[in-house]
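Subject: Structure handover

Hello,

Here is the structure for your files. My notes follow below it.

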Amino acid sequence: MDHISDTRKCMASLAIFKSLYDEKKDLYSVIASFAQQLIYDQKLRGFSLQEFCNKIKDVYGFNLPIAVVKSSLKRLKFLDAKNSYYSYQGTFKK
């Protein structure tokens, strides 16, 4: 399998980000879409807010403020939040 460089991953993420934004989705909805995909791809059952911000940076190359990520995660109805710790309330389907 080919390894995609970090630069190409970042460029692809930015292109997707722009297309979602152009569809008149607000910033928090766009980030929530990336967050949802990350949760599904990595099958995250639970995570802290800081941990998730780090994962977004590692995977997508976005260095986002914690407050922005927190507001975006509120849009994901399948997450349960307690004291900046999030739990996935669902199943991971194939």
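First, a term: buried means under 20% relative accessible area, exposed means over 50%, and partly exposed is in between, with a 1.4 Å probe and protein chains only. This is a predicted model, in which local features need pLDDT of at least 70 and side-chain atom pairs count only at pLDDT 80 or more, while totals for chains, interfaces and linings use all residues. Residues are numbered from 1 along each chain as its sequence is written, and side-chain values use heavy atoms, with hydrogens and water left out.

Aromatic pairs

Rings of Phe, Tyr and Trp (its six-membered ring) pair if their centres lie within 6.5 Å; planes under 30 degrees apart are stacked, over 60 edge-to-face, and the rest tilted. That rule gives eight aromatic pairs. In one of them, F34 and Y60 have ring centres 4.8 Å apart and planes at 85°, so this pair is edge-to-face. F34 sits in helix α2 and Y60 in helix α3, so the pair ties together parts 26 residues apart in sequence. Helices (H or I, at least four residues) and strands (E, at least two) are DSSP runs, numbered from the N terminus. F34 counts as buried, at 8% relative accessibility. Y60 is buried too, at 11%.

Another pair is Y40 with F78: the centres are 5.6 Å apart and the planes are at 25°, so it is stacked. This one also links distant parts of the chain, with Y40 in helix α2 and F78 in the loop between α4 and β2, 38 residues apart. Are both partners buried or partly exposed? F78 counts as buried, at 16% relative accessibility. Y40 is partly exposed, at 30%. Ring pairs also link F34, Y60 and F62 into a cluster.

The core

A nonpolar core is a set of buried Ala, Val, Leu, Ile, Met, Phe, Trp, Tyr and Cys residues joined through side-chain atoms within 4.5 Å. The largest one here has 25 residues. I39, F47, F52, L73, L76 and L79 have the most contacts inside it. Two or more residues each come from α1 (6-22), α2 (27-41), α3, α4 (66-73) and β3. The most come from α2, which gives seven residues. In soluble globular proteins, nonpolar side chains tend to be buried together.

F52 deserves a look. Leaving out residues up to four places away in sequence, F52 touches A35, L38, I39, L44, F47, V69 and L73. Contact means heavy atoms within 4.5 Å.

Helix packing

Axes are lines fitted to C-alpha atoms, for helices over the stretch in contact; angles run from 0 to 180 degrees between N-to-C directions. Under 35 degrees counts as roughly parallel, over 145 as roughly antiparallel, 65 to 115 as roughly perpendicular, and the rest as oblique. The axes of α2 and α4 come within 8 Å and cross at roughly 80°. That makes α2 roughly perpendicular to α4. Y28, I31, A32 and A35 of α2 make the contact with V68, S71, S72 and L73 of α4.

For α3 and α4, the axes come within 10 Å and the crossing is at roughly 100°. These two helices are therefore roughly perpendicular as well. L49, Q50, F52, C53 and I56 in α3 meet I66, V69, K70 and L73 in α4.

The sheet

Two strands pair if DSSP finds at least two bridges between them. Three strands form an open sheet in the order β1-β3-β2, with antiparallel pairing. β1 (46-48) and β2 (79-82) are at the edges with a single partner strand each, so one side of each has no neighbour in the sheet. Neighbouring strands are turned by 20° against each other on average, direction ignored.

Three bridges join β1 to β3. The bridge partner of G46 in β3 is S87. β2 and β3 (residues 85-88) pair over four bridges. Here A81 has Y86 as its bridge partner, and D80 stands opposite S87. β2 and β3 form a hairpin with two residues between them, and N83 in the turn has a positive phi of about 50°.

Which side chains of β3 are buried? Y86 and Y88 are, and they point to one face. Helix α3 (residues 49-60) lies across β1 and β3, running at about 95° to β1.

Best wishes
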